[in-house]
Amino acid sequence: MTFSLTAQPPLAASSCAFRLILHDLIASVLLVAAVALVSLFLLPKAHAQDKIELRIGYQKSASLFVLQKVQGTLERRLAPLKASVKWVEFPAGPQLLEGLNLVSVDVGYVGEAPPIFAQAAGARFAYIGYDPAAPEAEALLVPKDSAIKSVADLKGKKVALNKGSNVHYLLVRLLEKNGLKPGDIQPIYLPPADARAAFESGRVDAWAIWDPFAAAAEKAIGARVLASGRGVVNNYAYYLAERNFTARNPKVIQALFDDSVERGAWLKANIKKAAEQIAPLQGLPVEVVELSLHRYEFNVRPVPDSVIAEQQKLADTFFDLKLIPKAIAVRDAAYKAAP
């Protein structure tokens, strides 16, 4: 059999067409495989985005949060909402507020003063709840053998405190009540651990501090209470939240409230048992934690106008003393639930 030259072009064209079809088929298969592979990696991420992480800023002194962390009750309550909890520890309220402002945490629990300083600095947060007054849970301490017998004796003395904390306001009010001004003492701004060391070594004459640190100093080194907050301040504690998180996740916030109310009631009915669970995380003896728990109330509730008005008094006092750079309206930071 012979093949003429005229028969070869159709054969070459068919072969070329076949190669083109085969190329397209392989490309299609590869495209499908690539899409499947990408989907394999992206689908878990899409599911992960449906989950919510509640980042709670807390201090070791925040006994209720510590109890909830130990017992894991909040994690169990949030599970049906596909939400988890991340606990982020801070040494004191001002640092916690900075974390809230930088959106490294979603919710925090602090004393009266830190929100004032934070709002004056432009931080965006909302007051979402508060605990009832606990004036005896903060105090002005002196060494047991100190010659200082009254707050008036502090004139010219060194007083340690955490700047911008709840005891900052306590000190201001105690000085005012005893005829002194902030300029009449030497404030030494230190976080609790450093203040305790300075207090024990005699480098400061007095220490304004909250529980359980105050209770620990009383029990361990016999520190004497020169004055507590009773009759001077309310010492409310506040639950604060990053505004966007609260707006997006109202059910998570409600779950936090519900668990805090339930655990708070359990704590007050089982103080000894609660102290035994909390003490290891606070690094304190059980009897110290037990003493401090008696001084606090644990019954979170929405913040009423009357408490906002009390908080405004703090803000006005700090502005008058030039401790904050501008006047603020506390109500601007009050949480407003969606209608």
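**Exercise 1. Which residue is the bridge partner of alanine 160 in S7?**

Solution. Find alanine 160 and look across to S7: its bridge partner there is isoleucine 188. Keep in mind as you work that this is a predicted model. Next, widen the view to the strands. Strand S6, residues 158-161, is joined to S7 by 4 bridges, and the two run parallel.

**Exercise 2. What is the strand order of the open sheet that holds S6 and S7?**

Solution. Read across the sheet and you get S7-S6-S8-S5-S9, which makes 5 strands with mixed pairing. On average, neighbouring strands here are turned by 30 degrees against each other, direction ignored.

**Exercise 3. Which strands does helix H6 touch?**

Solution. Helix H6 covers residues 166-177 and packs on the sheet. Its contacts are with S5 (138-142), S6, S7, S8 (206-210) and S9. For its orientation, compare H6 with S5: their directions make about 65 degrees. Then turn to helix H8, residues 213-221, which lies across S5, S8 and S9 and runs at about 125 degrees to S8.

**Exercise 4. Are H7 and H8 roughly parallel or roughly perpendicular to each other?**

1. Take the axes of H7 (residues 192-201) and H8: they come within 12 Å and cross at roughly 30 degrees.
2. Angles under 35 degrees count as roughly parallel, and H7 and H8 are therefore roughly parallel to each other.
3. The handedness of the H7 and H8 crossing is right-handed.
4. To see who makes the contact, pick out Pro192, Arg196, Phe199 and Glu200 on H7, and Phe213, Ala216, Ala217, Ala220 and Ile221 on H8.
5. Sorted by class, the contact of H7 with H8 has 7 nonpolar residues, 2 charged ones and no polar ones.

**Exercise 5. At roughly what angle do the axes of H2 and H10 cross?**

1. The axes of H2 (residues 63-71) and H10 (residues 250-269) come within 10 Å, crossing at roughly 100 degrees.
2. The range from 65 to 115 degrees counts as roughly perpendicular, so H2 is roughly perpendicular to H10.
3. On the H2 side, the contact is made by Leu64, Phe65, Leu67, Gln68 and Gln71. H10 brings Leu256, Asp259, Ser260, Arg263, Gly264, Trp266 and Leu267.
4. By class, the contact of H2 with H10 has 6 nonpolar, 4 polar and 2 charged residues.

**Exercise 6. How many aromatic pairs does a search of the whole structure find?**

Solution. The search finds 15. One of the pairs is phenylalanine 65 with tryptophan 87: it is edge-to-face, with 5.7 Å centre to centre and 70 degrees between the planes. Phenylalanine 65 lies in helix H2 and tryptophan 87 in strand S2 (residues 83-89), so this pair ties together parts that are 22 residues apart in sequence.

Terms used
Residues numbered from 1 in each chain as written. Predicted model: local features only at pLDDT ≥ 70, side-chain atom pairs only at ≥ 80, totals over all residues. Heavy atoms only, no water. Pairing = 2+ DSSP bridges. Axes fitted to C-alpha atoms, helices over the stretch in contact; angles between N-to-C directions. Contact = heavy atoms within 4.5 Å. Parallel < 35°, antiparallel > 145°, perpendicular 65-115°, else oblique. Left-handed = near helix turned anticlockwise from the far one by under 90°. Nonpolar A, V, L, I, M, F, W, Y, C, P; charged D, E, K, R; others polar. Phe/Tyr/Trp six-rings, centres within 6.5 Å; stacked < 30°, edge-to-face > 60°.
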